[in-house]
Each structure stands twice: as structure tokens, then as C-alpha cells.
Amino acid sequence: MGISGAVQYTVGIKNAKKIVSVNIDKDAPIFEESDFAYVGDVTDFLTAFAKQVR
């Protein structure tokens, strides 16, 4: 959350077991690397996610 357009970030997540990406751009390249994608605002996503975790 909070990294925008960093090629190094994409390379760094290659070995992750699960990748969840949040972006307001439905065509964001990060979604190609993601197991789960949320198109929308990161604050809205984190608020809803925190409620589910609790």
C-alpha cells in the first residue's frame, strides 16, 4: 500500500506467496502480478479490510 509506479517493487514481490494490490486505475500493471486486485481508493479498502479482520 502506498507505492506508486515502482519497478523495483514489482521485482521485489515476485517471490511473495500472495499479492493483494489496490489501485484506482483498473489497468494498472501491478494487477498482472497480483493474486487479488481491488480497484478503488486505498483508504476505502483498508477501512473495509480492517472491519473484516476484527
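**Contacts and a serine**

Tutor: Of the contacts in the protein between residues at least 6 apart in sequence, 9% join residues at least 24 apart; contact means heavy atoms within 4.5 Å.

Student: What sort of model is this?
Tutor: This is a predicted model, where local features need pLDDT of at least 70, side-chain atom pairs count only at pLDDT 80 or more, and totals for chains, interfaces and linings use all residues. Residues are numbered from 1 along each chain as its sequence is written, and side-chain values use heavy atoms, with hydrogens and water left out.

Student: In what order do the elements run?
Tutor: From the N terminus, the order is α-β-β-α. Helices (H or I, at least four residues) and strands (E, at least two) are DSSP runs, numbered from the N terminus.

Student: Where does S34 sit?
Tutor: S34 is in the loop between β1 (20–23) and β2 (36–39).

Student: Is S34 buried or exposed?
Tutor: Buried, because its relative accessible area is 17%; the label applies under 20%, exposed is over 50% and partly exposed lies in between, with a 1.4 Å probe and protein chains only.

Student: Which side chain makes a polar contact of 2.5 Å with that of S34?
Tutor: The side chain of S21 does. The S34 side chain also reaches the backbone oxygen of I30 at 2.8 Å. A polar contact is a pair of N or O atoms within 3.5 Å; within protein, one must be able to donate a hydrogen and the other to accept it, and residues adjacent in sequence count only if both atoms are side-chain atoms.

Student: New topic: what does I19 touch?
Tutor: Not counting residues up to four places away in sequence, I19 touches I13, E33, S34, D35 and F36.
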